[in-house]
Amino acid sequence: MKIQVDGRKARGEKRRAEIIAATLRVIERDGVAGATHRTVAVEADVPTASTTYHFASLDDLLVATLISCARDMATEVYWMIDRARSRGSRGAEEVAGLLAEALGPRRGRTMAEYELYLLAARKPELRPAARRWLDVLTSMVRHDDEVAFRVFLAGIDGLLIQGLIDDEPPSADELRPVVDYLLKPR
């Protein structure tokens, strides 16, 4: 029995993904203020009508972009945790490496993600999408101490924000002692 694939649906999902990726690139380059249906359409090389067809409002587009970022980061963190566990590591080295990558080669994307994240403070309709990242992370990581886990997450956010305003991004070696401290059992 052969399963029929709906080509229109697949093309529509592909186009949505392209528009979301273009939105993230616009935000990396111009900030959230630079993201409009028109600028995203130009970046995605699609007609503006295509962005408005897939995302009726700019908020819909920003929510979809924020959810996509959260999903991508959660997937990356999941596999990082899996690799650390398979080696019997607590994960300090892996987390420090991930942070160094986020603050170095992926700095623009990290800034874009934080801009979207902080936009949720002003736009209540974005808050569920912003909280999704924490919900996903909390569900993936086994922790016995809720307070210690929240301290760890707040510390990671702090390291990322501080790293974004540094003139030179910190290295994994510089971040590791701080991450190690955050991961210490209490």
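**Overall picture**

The model is predicted. The protein chain has nine helices and zero strands. From the N terminus on, its elements run α-α-α-α-α-α-α-α-α. The C-alpha trace spans about 55 × 50 × 30 Å along its principal axes. Of the 186 residues, 40% count as buried.

Gly 7 is partly exposed, at a relative accessible area of 28%. Thr 110 sits 103 residues from Gly 7 along the chain, and their C-alpha atoms are separated by 34 Å.

Thr 110 is one of the buried residues of H6. Others there include Arg 107, Tyr 114, Leu 116 and Leu 119. Helix H6 runs over residues 107-122. Its 16 residues, at 1.5 Å a residue, should span 22 Å.

**Salt bridges**

The structure holds 11 salt bridges.

| Acidic residue | Basic residue | N to O distance |
| Glu 18 | Lys 14 | 3.4 Å |
| Glu 43 | Arg 25 | 2.8 Å |
| Glu 43 | Arg 29 | 2.7 Å |

Glu 18 and Lys 14 both lie in helix H1. They are four residues apart, about one turn of the helix. Glu 18 is partly exposed at 31%, whereas Lys 14 is exposed at 53% relative accessibility.

Glu 43 pairs with Arg 25 in a salt bridge. That pair links distant parts of the chain: Glu 43 is in helix H2 and Arg 25 is in helix H1, 18 residues apart. Glu 43 is partly exposed at 25% relative accessibility. Arg 25 is also partly exposed, with a relative accessible area of 36%.

Glu 43 also meets Arg 29 in a salt bridge. Arg 29 lies in helix H1, 14 residues from Glu 43 in helix H2. Salt bridges with shared partners join Arg 25, Arg 29, Asp 30 and Glu 43 into one network.

**Loops and surface**

Asp 45 lies in the loop between helix H2 (37-44) and helix H3 (48-54). Its phi is near 60°, a positive value in a residue other than glycine. Asp 45 counts as exposed because its relative accessibility is 71%, and the cut-off for exposed is over 50%.

Another loop joins helix H8 (146-165) and helix H9 (172-183), and Glu 168 is found there. Glu 168 is exposed, with a relative accessible area of 65%. A negative surface patch is formed by Glu 168 together with Asp 166, Asp 167, Asp 173 and Glu 174.

Key. Residues are numbered from 1 along each chain as its sequence is written. This is a predicted model: local features need pLDDT of at least 70, side-chain atom pairs count only at pLDDT 80 or more; totals for chains, interfaces and linings use all residues. Side-chain values use heavy atoms; hydrogens and water are left out. Patches are made of residues with over 30% relative accessible area and no salt bridge: like charges are joined within 9 Å, nonpolar side chains (Val, Leu, Ile, Met, Phe, Trp, Tyr) within 5 Å. Accessible areas come from the Shrake-Rupley method with a 1.4 Å probe; for residues, only the protein chains shown count as cover. A salt bridge is a side-chain nitrogen of Lys or Arg within 4 Å of a carboxyl oxygen of Asp or Glu. Lys and Arg count as positive and Asp and Glu as negative; His and the chain ends are not counted. The place of a charge is taken as NZ of Lys, CZ of Arg, CG of Asp or CD of Glu. Helices (H or I, at least four residues) and strands (E, at least two) are DSSP runs, numbered from the N terminus. Buried means under 20% relative accessible area, exposed over 50%, partly exposed in between (1.4 Å probe, protein chains only). The expected span of a helix is 1.5 Å times one less than its number of residues.
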